[in-house]
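Trainee: Before we discuss this model, please show me the sequence and the coordinates together, and then take me through them one question at a time.

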Amino acid sequence: MAMLKNLFPFAFLQKKDVITLVIYIVAHLLIGTVAGWVFGLLDGIILVGWIFGLIGWVFGIYVTVSLVLCVLDYLKVLK
């Protein structure tokens with residue numbers, strides 16, 4: 001559990017109510033969307049575009065896992 005908290009620090013911020021959870025969910029979605037657009041644009045660069053595509057893919061997975069951990073932490077599934 002300590003390793004998850006170190007890898008995904010924003011997923012384990014204190015959430016007092018549903019409104020805070022919704023704000024965290026919207027923030028995760030906005031960050032993922034903006035980063036996806038940026039990495040998508042950089043993916044078009046010749047010769048190094050595949051690197052940006054790979055980084056964007058890994059970042060998208062990271063944001064998705066962080067979002068799931070955020071919800072699970074709010075529901076007190078994780079201890």
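**Contacts, fold and pairings**

Mentor: Once the neighbours within four places in sequence are set aside, L21 is in contact with K15, C70, V71 and Y74, contact meaning heavy atoms within 4.5 Å. This is a predicted model, in which local features need pLDDT of at least 70 and side-chain atom pairs count only at pLDDT 80 or more, whereas totals for chains, interfaces and linings use all residues. Residues are numbered from 1 along each chain as its sequence is written, and side-chain values use heavy atoms, with hydrogens and water left out.

Trainee: Which pattern does the chain follow when read along the sequence?

Mentor: Helices and strands are DSSP runs numbered from the N terminus, with at least four residues of H or I for a helix and at least two of E for a strand. On that basis the secondary structure comes to three helices and zero strands. Read along the sequence, the pattern is therefore α-α-α.

Trainee: Is the chain more spread out or less spread out than a compact globule?

Mentor: The radius of gyration is taken over C-alpha atoms, and the globule rule is 2.2 Å times the number of residues to the power 0.38. The C-alpha atoms fill a box of roughly 45 × 25 × 15 Å along the principal axes. For 79 residues the rule gives 12 Å, and the radius of gyration of the chain, at 15 Å, is well over that, so the chain is, relative to a compact globule, more spread out.

Trainee: What share of the 79 residues is buried?

Mentor: A residue is buried under 20% relative accessible area, exposed over 50%, and partly exposed in between (1.4 Å probe, protein chains only). The accessible surface of the chain, by the Shrake-Rupley method with a 1.4 Å probe, where only the protein chains shown count as cover for residues, comes to about 5800 Å², and 79% of it belongs to carbon and sulfur atoms. Of the 79 residues, the buried share is 22%.

Trainee: What percentage of the contacts with a separation of 6 or more comes from residues 24 or more positions apart?

Mentor: The pair L21 and D73 gives a sense of such spacing, being 52 residues apart in sequence and 10.0 Å apart in space, C-alpha to C-alpha. For the chain as a whole, among contacts with a separation of 6 or more, the percentage from residues 24 or more positions apart is 62%.

Trainee: Which residues meet in a salt bridge?

Mentor: A salt bridge is a side-chain nitrogen of Lys or Arg within 4 Å of a carboxyl oxygen of Asp or Glu, and by this rule the count comes to one. The pair, with N to O at 3.1 Å, joins the side chains of K15 and D73. It links distant parts of the chain, 58 residues apart, with one partner in the loop between α1 (2–7) and α2 (18–42) and the other in helix α3 (residues 49–74).

Trainee: Which side chain makes a polar contact with the side chain of S66?

Mentor: S66 is found in helix α3 and is buried, with a relative accessible area of 5%. Beyond residues up to four places away in sequence, S66 touches F8, A11 and H28. A polar contact is a pair of N or O atoms within 3.5 Å, one able to donate a hydrogen and the other to accept it within protein, with sequence-adjacent residues counted only if both atoms are side-chain atoms. At 2.9 Å, the side chain in polar contact with that of S66 belongs to H28.

Trainee: Which seven residues form the largest nonpolar core?

Mentor: A nonpolar core is a set of buried Ala, Val, Leu, Ile, Met, Phe, Trp, Tyr and Cys residues joined through side-chain atoms within 4.5 Å. One of its members here, L21, lies in helix α2 and counts as buried at 10% relative accessibility. The seven residues are F8, A11, F12, L21, Y24, L69 and C70.

Trainee: Is L47 buried or exposed?

Mentor: L47 lies in the loop between α2 and α3, and its phi is near 75°, a positive value in a residue other than glycine. At 74% relative accessibility, L47 counts as exposed.
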